Amino acid sequence: MGCGGTLFYPILITLSVALITYNIIISSNAPLKQGFPSSSSSYNDPIIKLPRGGSTIRNERKQIRLFHTAVTASDSVYNTWQCRVMYYWFKKAKASAGPGSEMGGFTRILHNGKPDKYMDEIPTFVAQPLPPGTDQGYVVLNRPWAFVQWLQQTDIKEDYVLMSEPDHVIVKPIPNLVAKDGFGAAFPFFYIEPKKYEKVLRKYYPQERGPVTNIDPIGNSPVIVGKEALKKIAPTWMNVSLAMKKDPEADKAFGWVLEMYAYAVSSALHGVSNVLHKDFMIQGHLTYGKVGEWRFDKRSYIKSPPPKNLTMPPPGVPQSVVTLVKMVNEATANLPDWGS
């Protein structure tokens with residue numbers, strides 16, 4: 001674990017609000033598990049520069065290390081409009097980077113078990129949801145299971161994977177930030193605190209594995225990691241998530257970020273440390289509150305997508321929020337059948 005060196009202009013803005021023992025661990029050499037898991041089983045707006053993340057120079061040319069961007073989503077209206085906006089900006093960022101781009105393909109991993117009407121617009125893999133009742137109302141538990149299926153069933157051409165989320169918007173081309181083989185690159189979340197919850201985490205990351213500080217303060221997104229490493233991490237992430245959800249102590253301690261802790265633990269269990277890049281993402285306050293009468297909250301658009309031409313924020317709002325609203329407006333103006 002370490003912090004990225006050089007500083008850059010933030011490349012991801014998220015629509016999210018900034019707030020905010022495991023018995024069976026798949027061995028690092030085990031194949032991906034087939035079949036279903038058992039149900040028993042103060043705001044800163046920095047202007048920063050992006051590090052190139054350990055890119056190698058050979059014969060005066062940068063080695064291109066492609067990564068595949070993968071986003072898990074349900075078929076809800078809420079997830080769908082966010083995915084459409086995200087993929088619109090993914091394509092623009094990739095195109096603007098030119099032939100040296102390290103941005104490879106894109107997949108929406110749709111974990112509701114059936115195709116939807118946006119299959120032709122967004123490259124999509126349909127994953128099966130967890131068996132009924134397994135997620136105990138915590139739908140995010142479908143994320144690691146969906147990744148297991150995608151990694152198992154898909155021929156991914158790129159050697160690296162960027163795990164992202166529907167409410168991320170890419171503001172400029174993303175380079176492969178992985179410093180070297182065996183490491184990941186991730187955004188550090190201030191509310192992921194392994195040391196604070198050491199007693200609970202020792203059930204899943206035992207003492208003999210080393211200090212609890214080996215667990216990085218990350219979730220699974222945004223993370224860039226080697227594809228082969230992720231194939232090992234994902235089944236463990238799935239099983240640790242399910243075990244934590246069934247553990248009242250862990251469930252109470254971690255709440256809505258339980259699956260994030262599960263990924264951090266699973267990455268550590270497989271010996272994959274992450275170089276931390278605080279400049280990987282800005283957490284835009286779209287439940288920012290009111291500035292006069294102006295307010296934009298993504299959760300106002302759970303049942304229907306936001307309208308075209310949203311009102312721009314007034315003076316005094318962080319530039320990242322202004323940028324985000326402009327980007328949403330551009331996407332909605334250009335995407336077909338918006339709001340239908």
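**Exercise 1. Find how many bridges join strand S8 to strand S11, and in which sense the two run.**

Start with the ends: S8 covers residues 160-164 and S11 covers residues 223-226. Strands here are DSSP runs (E, at least two residues), numbered from the N terminus. Next, count: four bridges join S8 to S11, and the strands run antiparallel. Two strands pair if DSSP finds at least two bridges between them. Finally, pick out a residue: Val161 stands opposite Val225 in S11.

A quick note before you go on: this is a predicted model, where local features need pLDDT of at least 70, side-chain atom pairs count only at pLDDT 80 or more, and totals for chains, interfaces and linings use all residues. Residues are numbered from 1 along each chain as its sequence is written, and side-chain values use heavy atoms, leaving out hydrogens and water.

**Exercise 2. Work out which residue of S11 is the bridge partner of Ala185.**

Look at strand S10 (residues 183-186), which pairs with S11 in the antiparallel sense over two bridges. Then follow Ala185 across to S11: its bridge partner there is Ile224.

**Exercise 3. Decide whether the faces of S11 are covered or open.**

Take one side: Val223 and Val225 are buried (under 20% relative accessible area, with a 1.4 Å probe and protein chains only).

**Exercise 4. Locate Arg209 and say what it touches.**

First, find the loop between helix H3 (198-201) and S11, where Arg209 sits. Then list its contacts (heavy atoms within 4.5 Å): leaving out residues up to four places away in sequence, Arg209 touches Asn214 and Leu269.

Note on methods: Buried means under 20% relative accessible area, exposed over 50%, partly exposed in between (1.4 Å probe, protein chains only).
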